[in-house]
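Here are my notes on the model you sent over. Have a look at it first, then read on.

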Amino acid sequence: MPESRNGLNAPCSLSEQRSTKAPTGIAGFDEITRGGLPGGRTTLLVGGPGSGKTILALQFLVHGAQSCNEPGIFVAFEETSTRIVSNAESFGWNLAMMQPKSLFFLDAQPKSDLVQSGDFDLGGMLAALEAQSQEMGARRIVFDALDVVLALLPDPATKRREIYRLHDWLLAHELTGIITAKAGGDDASSIIQQPFGFMQFMVDCAVILNHSVALGVSHRNLRVQKYRGSGFDENESPFLIGNAGLEVDIAHARLRLDAKVSNERVSSGVERLDTMLGGGYYRGASILITGFSGTAKTTLSGAFAEAACQRGERTLFVSFDSDCNEVIRNLASVGIRLDHYVEDGSLLITSARSIAGSGETYLVRIKTLAKEHGARCLVIDPVSTWYKSSNDLTAQSVADRLIDWSKGNGITLVCTSLLDEMSNRTESGSPLQISTLADTWIHLNYLMQAGERNRGLSIVKSRGTAHSNQVRELILSDAGVTLTDAYTAGGEVLMGTLRWEKERAERVAAEAAEATAKLKRVRLDAEEAELEVRLKSLQTELIAKQVEKALLVRVTQSHEGELSRGRTQMKEMRGADAATAHGEESTP
Amino acid sequence: MNRRDLFKFQLYVAGDAPNSAQAIDNLAAFCQAHLPDQYEIEIVDVFREPKRALAEGIFMTPTLVVLTPPPVRRIVGTLSHAQTVLLALGLKDLTA
């Protein structure tokens with residue numbers, strides 16, 4: 001049952017909610033908890049200052065009120081409700097519209113001039129809440145910063161008593177509750193040492209929010225510590241406070257499983273590169289372009305962006321190096337004109353300087369931008385920036401998720417990655433190690449030869465496509481990006497001037513060969529003509545001989561005729577018969 | 001503060017919860033001891049009148065609201081420490 005309800009914005013009915021889960025509407029969080037918080041039960045939300053407890057809790061209520069027809073009450077012990085409401089405006093949640101029918105704020109901050117004498121309890125608050133929740137039919141409730149009011153209680157036993165009172169009340173009313181509490185400092189586990197640490201054992205679900213700083217960059221993550229009666233993702237998941245509230249990145253690639261595999265090819269923007277790849281990149285594939293600085297990584301990705309725009313596909317170009325206008329100008333110098341695509345809105349170039357923000361922040365921003373822009377093609381130049389601003393593990397996981405996400409959405413992704421020339425990284429040791437995940441990996445390199453530095457392009461891998469194994473020379477000119485045929489000599493690819501020389505030499509040789517052939521043909525023609533003449537005279541002679549021969553035959557025949565006629569006449573004159581004549585004749 | 005001022009109290013209690021009952025007793029004893037014939041007490045049960053508690057912002061019980069003399073003050077708890085109550089009512093110097 002919980003599995004069938006893991007949709008992010010799936011509306012839920014009241015009857016369902018009681019037995020199952022209450023979705024929070026937080027992207028990713030409902031996946032981690034397999035559908036949301038335990039319905040009709042209590043969840044403890046623990047975190048340090050600024051870890052996002054209040055926002056998560058409020059988003060839970062807002063989603064309930066907007067999408068699930070579950071009105072909610074927010075009990076504010078720390079911040080005043082006016083401040084919470086005004087802070088929430090920045091997320092675009094229209095709280096004013098929901099108040100007070102489906103969202104009610106209760107200001108329960110202890111007054112600063114409050115005088116305390118002796119023991120007290122929270123019975124008054126619960127009585128007031130009971131009246132309120134019955135009136136509005138509340139299904140969800142949040143107690144924000146319960147620790148503030150607990151701090152007023154004199155001893156641990158009393159605190160414990162009040163927590164149990166609250167918990168029992170929540171269970172009795174079948175409200176889905178969130179209690180937020182501070183953890184000392186950044187260490188979420190330290191709450192156990194606190195007097196109300198036992199709350200973690202009491203509640204049905206506990207979520208720990210963590211906000212840490214690594215190498216000067218802020219990282220947020222959350223972890224579901226326990227969840228009675230349900231499976232959940234036990235790992236820490238990075239999250240971000242974005243423009244529309246919390247967004248949790250799920251580490252496992254559920255999206256990828258559903259990704260459609262396309263056989264459609266898209267142009268790389270360089271004609272001969274398409275040929276090398278057997279027709280271009282696959283739609284929805286991820287392409288990695290690695291190379292040292294200045295090897296035309298940006299140019300190659302710019303060519304892809306231009307080709308995408310020419311096909312009329314909306315494209316997002318994220319540059320970590322240069323500003324939008326710089327990108328346009330620099331690419332224009334090699335004949336890649338992006339300006340009018342930017343003007344007509346099909347291309348969005350964003351500059352995200354690498355100074356601040358973790359990889360997570362960028363990932364979420366890129367996702368949001370791509371979604372808003374409706375991008376079908378995405379260029380990130382370069383992703384290796386994340387390597388700098390985050391630790392290796394984070395950057396790796398961010399890159400993984402970027403690829404999974406773009407695959408899941410059928411977005412063709414081109415990312416460039418800078419290789420550090422000074423370091424000893426070989427081709428296989430590409431930063432981020434995303435080369436294993438990328439479908440196509442193009443490596444750009446400098447080839448130093450005969451006092452020249454020329455750009456070489458090779459396809460290291462390209463899944464599912466036949467591809468050229470040759471290193472080609474990449475030439476940038478006003479007319480655009482072209483690849484030339486490679487000249488191999490002595491096991492080396494010739495480039496630049498050497499290639500030109502080789503080309504010229506071949507041209508000369510070809511001309512010479514052509515001339516020789518011509519000469520030979522002329523000579524053969526002459527011989528042929530001569531033979532024909534001879535053939536003709538011989539034929540004439542032949543005819544003459546034949547005539548002569550025929551004449552000879554005729555003369556001979558008439559002579560013989562004359563003789564036989566003479567003999568016949570002689571026999572007739574002698575009067576001998578033919579038979580004896582024969583005998584006489586044979587014996588002369 | 002004039003000694004003859006009338007003290008108007010509202011005591012919010014949560015039914016017959018132990019600390020609420022204790023507060024009622026403590027308040028009565030306190031008034032008898034320190035403010036004879038100078039006080040009015042209204043007991044508000046939040047279970048019976050939750051809307052009133054909500055409107056007044058009474059979330060902890062028992063809570064004593066001192067309506068007059070101004071300013072309005074609130075004292076939370078069983079009122080077991082008479083000294084604290086005296087201090088809050090500005091009566092400390094008179095009993096010292």
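How many helices and strands does the secondary structure of chain B come to? Before the answer, some housekeeping. This is a predicted model, in which local features need pLDDT of at least 70, side-chain atom pairs count only at pLDDT 80 or more, and totals for chains, interfaces and linings use all residues. Residues are numbered from 1 along each chain as its sequence is written, chains are lettered from A and ligands numbered from 1 in the order written, and side-chain values use heavy atoms, with hydrogens and water left out.

1. Chain B has four helices and four strands (DSSP runs, numbered from the N terminus: H or I of at least four residues for helices, E of at least two for strands). Going along the sequence, the order is β-α-β-α-β-β-α-α.

2. Chain B has 96 residues, and 47% of them count as buried. Buried is under 20% relative accessible area, exposed is over 50%, and partly exposed lies in between (1.4 Å probe, protein chains only). The accessible surface of chain B is about 4,800 Å², with 54% of it on carbon and sulfur atoms (Shrake-Rupley method, 1.4 Å probe; for residues, only the protein chains shown count as cover). If you look at contacts (heavy atoms within 4.5 Å) between residues at least 6 apart in the sequence of chain B, 65% join residues at least 24 apart.

3. Check the confidence before you zoom in. Chain B averages a pLDDT of 82, and 91% of the residues score at least 70; pLDDT is the predictor's confidence in each residue, from 0 to 100. Confidence in chain B is lowest in helix H4 (residues 92–95), with a mean of 53, and highest in strand S1 (residues 7–13), at 89. Where pLDDT is low, the predicted coordinates should not be read in detail.

4. An α-helix has 3.6 residues a turn, so residues three or four places apart point the same way. After H3(B) comes Gly90(B), with a positive phi near 70°.

5. Ile24(B), Ile41(B) and Ile43(B) make a nonpolar surface patch of about 210 Å². Patch residues have over 30% relative accessible area and no salt bridge; like charges are joined within 9 Å, and nonpolar side chains (Val, Leu, Ile, Met, Phe, Trp, Tyr) within 5 Å. Ile24(B) lies in helix H1 (residues 18–34) of chain B and is partly exposed, at 31% relative accessible area.

6. Now the charges. There are 20 salt bridges over all chains, a salt bridge being a side-chain nitrogen of Lys or Arg within 4 Å of a carboxyl oxygen of Asp or Glu. One of them pairs Glu70(A) with Arg140(A), with the closest N and O atoms 2.6 Å apart. That pair links distant parts of the chain, 70 residues apart: Glu70(A) is in the loop between helix H3 (53–67) and strand S4 (72–76) of chain A, and Arg140(A) is in strand S7 (residues 140–144) of chain A. Both Glu70(A) and Arg140(A) are buried.
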